[in-house]
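Here are some notes to read alongside the model. Have the sequence open next to them and take the points in order.

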Amino acid sequence: MSATADHAEERTNPAGRLGFQPGQVVQEIGYDDDVDQELREAIEEEIGSELVDEDYDDVADAAVLWFRDEDGDLTDALVDATTYIEEGGAILLLTPKTGRTGYVEPSDISEAATTAGLSASKSVSVGKDWSGSRLATPKAAKSKK
């Protein structure tokens, strides 16, 4: 395969585009029946294993946080999520798109991320109903490799 084929696959698999890598342990927080199953499967395919749930009792490399407006305080959810991942890990915050039930304002995401000590990247579409924001812990933000 050529490098071009690899790049094409990266564009078609949103998990690779979002920075997930083979061998990572990814913890999923906020799972419910409304989550995007295709995205979950793409992440599992990319990392080569199943996502671990909120009861996982070790440190994960990254976290996927499904969050809806009615889920409570976003800052608290982000702070809690950082306790599950290793220093330098990332959180993929997934929120319903504009017009969907549970939509979260981008300004609320930005404010909550800053308050939680995370740096936010731009928002990306990750499915029909969900938008994602990749949030980095301070060490990851400083050491962009």
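1. Start with Trp-66, which is buried at a relative accessible area of 1%. (Buried means under 20% relative accessible area, exposed over 50%, and partly exposed in between, using a 1.4 Å probe and protein chains only.) Trp-130 counts as buried too, at 3% relative accessibility. A word on the source: this is a predicted model, where local features need pLDDT of at least 70 and side-chain atom pairs count only at pLDDT 80 or more, while totals for chains, interfaces and linings use all residues. Residues are numbered from 1 along each chain as its sequence is written, and side-chain values use heavy atoms, leaving out hydrogens and water.

2. (Rings of Phe, Tyr and Trp, the last by its six-membered ring, pair if their centres lie within 6.5 Å; planes under 30 degrees apart are stacked, over 60 edge-to-face, the rest tilted.) Trp-66 sits in strand β2 and Trp-130 in strand β5, so the pair ties together parts 64 residues apart in sequence. (Helices, H or I with at least four residues, and strands, E with at least two, are DSSP runs numbered from the N terminus.)

3. Now look at helix α4, residues 74-84, whose buried residues are Leu-74, Thr-75, Ala-77, Leu-78 and Ala-81. Seen down the axis of α4, they fall within an arc of 160°, so they line one face of the helix. (The arc is that of the directions from the helix axis to the C-beta atoms.) Their cover includes β1 (26-29), β2, β3 (85-96), α5 (106-115) and β5 (130-136).

4. The largest nonpolar core has 19 residues, and Leu-65, Leu-74, Leu-78 and Ile-91 touch the most other members. (Such a core is a set of buried Ala, Val, Leu, Ile, Met, Phe, Trp, Tyr and Cys residues joined through side-chain atoms within 4.5 Å.) At least two residues of this core come from each of β2, α4, β3 and α5, with α4 giving the largest share, four residues. A second, separate core of 17 residues includes Ala-15, Val-26, Leu-39 and Val-126.

5. Finally, Gly-48 is in the loop between α3 (37-47) and β2 (60-66). Gly-48 is exposed, with a relative accessible area of 65%.

Conventions:
Contact means heavy atoms within 4.5 Å.
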